[in-house]
Structure formats: structure tokens, C-alpha cells
Amino acid sequence: MKKIIKDKYSLNTNLNPQIKYFSDRTKTTNINILLNRVKIEKKNDFKKKLYLFLMLSLLVIFFSAIIIFI
């Protein structure tokens, strides 16, 4: 199905209404690229969660040590 977009605000009225758009071409994507991107995003999310957990645990240990020694 071809999309025909009529622009009523167009300055040039001599344009052909059946202009071929770039969306007429079939687009292909390599599935390996998509899978690798998902794998890398999962690994980065895990690293962020690990760093956050380590920082929070260090803060808890630090404040508990301060409370114990005071």
C-alpha cells in the first residue's frame, strides 16, 4: 500500500501527488546487530545495578560503624 500525502500548505501546486517516498523500499535489519545491542545493554544495566548496590552497602557500613563507635 502506497502512502499518498497531500500537503494543503504546499507552495508548489504543480507537484505530482503520487510522489515516491523512501518508505516504499523494503527495509532489512541484521538480527545479530539487534541481539548484540540487547546483550550489551543488559550487561551495562547489570554493571550499573552492581555499582549502585556496592555504593549503598558501603554507605550503610560506614554509617553503622560511626554509630557503633560513638
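The text below goes from the chain as a whole to its helix and then to its side chains.

The model is predicted: local features need pLDDT of at least 70, side-chain atom pairs count only at pLDDT 80 or more, and totals for chains, interfaces and linings use all residues. Residues are numbered from 1 along each chain as its sequence is written, and side-chain values use heavy atoms, without hydrogens and water.

The protein chain contains one helix and zero strands (DSSP runs, H or I of at least four residues for helices and E of at least two for strands, numbered from the N terminus). Of its 70 residues, 0% are buried (under 20% relative accessible area; exposed is over 50%, partly exposed in between, with a 1.4 Å probe and protein chains only).

Helix α1 spans residues 31-69, 39 residues in total, and its first and last C-alpha are 57 Å apart, close to the 57 Å expected at 1.5 Å a residue. The expected span is 1.5 Å times one less than the number of residues. At the start of α1, a side-chain oxygen of Asn30 comes within 3.2 Å of the backbone nitrogen of Asn32.

Leu52, Leu56, Leu59, Phe62, Phe63, Ile66 and Ile70 make up a nonpolar surface patch with about 740 Å² of accessible area together. Ile66 lies in helix α1.

| Residue | Relative accessible area | Class |
|---|---|---|
| Phe62 | 47% | partly exposed |
| Phe63 | 48% | partly exposed |
| Ile66 | 34% | partly exposed |

The structure has one aromatic pair. Phe62 and Phe63 form this edge-to-face pair, at 5.6 Å centre to centre and 65 degrees between the planes (ring centres within 6.5 Å; under 30 degrees is stacked, over 60 edge-to-face, the rest tilted).

Methods
Phe/Tyr/Trp six-rings, centres within 6.5 Å; stacked < 30°, edge-to-face > 60°. Polar contact = N/O pair within 3.5 Å; in protein donor to acceptor, adjacent residues only side chain to side chain. Patch = residues over 30% accessible without salt bridge, like charges linked within 9 Å, V, L, I, M, F, W, Y side chains within 5 Å. Areas by Shrake-Rupley, 256 points an atom, 1.4 Å probe, with all protein chains shown as cover. Salt bridge = Lys/Arg side-chain N within 4 Å of Asp/Glu carboxyl O.
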